[in-house]
Amino acid sequence: NASLDSMISALNVLKTFKNRKIAVLGDILETGKYEEEIHKNIGKNIIGNTDILILVGNSIKYTYEEVIKEGFNKDNIYLFTTYEEVIKNIDKILKKDDVVLVKASHGIHLENVIDYLSKTYEN
């Protein structure tokens, strides 16, 4: 599952890898009146931690707005509404030896993306 703290911690771990880094991040659900603030805070912590950003969901639009404001290269951001869209497009985004972080609330169902990647890109 996801919270602001776990999302930031995961991004900090991702930053330690040498290979091209891809963050597949989805909505943090059940945030109530803090929805916009939390998702903007994720955006503030993305800069310097990943090379490619794949965003999934509805509230994640606030993260998108924040990373654009912070200067993240718009050409390296992919915005999707559902995990099915991610699966349909991810092969066009990934390159050999990429490091991929997948993180969201369970209700976004990104475990399906993980299953797809595991089956498609087995070593």
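Trainee: What is the bridge partner of Leu55 in strand 3?
Mentor: Leu79 of strand 3 is the bridge partner of Leu55. This is a predicted model: local features need pLDDT of at least 70, side-chain atom pairs count only at pLDDT 80 or more, and totals for chains, interfaces and linings use all residues. Residues are numbered from 1 along each chain as its sequence is written, and side-chain values use heavy atoms, without hydrogens and water.

Trainee: How many bridges link strand 2 and strand 3?
Mentor: Four, in the parallel sense; strand 2 is residues 52–56. Strands are DSSP runs of E, at least two residues, and helices are runs of H or I, at least four, numbered from the N terminus. Strands pair if DSSP finds at least two bridges between them.

Trainee: What order do the strands take in the sheet?
Mentor: The order is 3-2-1-4, in an open sheet of four strands with parallel pairing. Strand 3 (77–80) and strand 4 (99–103) are the edges, each pairing on one side only.

Trainee: Now the helices. Which residues of helix 1 meet helix 2?
Mentor: Leu4, Met7 and Leu11 of helix 1 meet Ile38, Asn41 and Ile42 of helix 2. Contact means heavy atoms within 4.5 Å.

Trainee: And how do their axes cross?
Mentor: At roughly 10°, and the axes of helix 1 (residues 4–14) and helix 2 (residues 35–44) come within 10 Å. Axes are lines fitted to C-alpha atoms, for helices over the stretch in contact, and angles run from 0 to 180 degrees between N-to-C directions. The two helices are therefore roughly parallel, a label for angles under 35 degrees.

Technical notes
Parallel < 35°, antiparallel > 145°, perpendicular 65-115°, else oblique.
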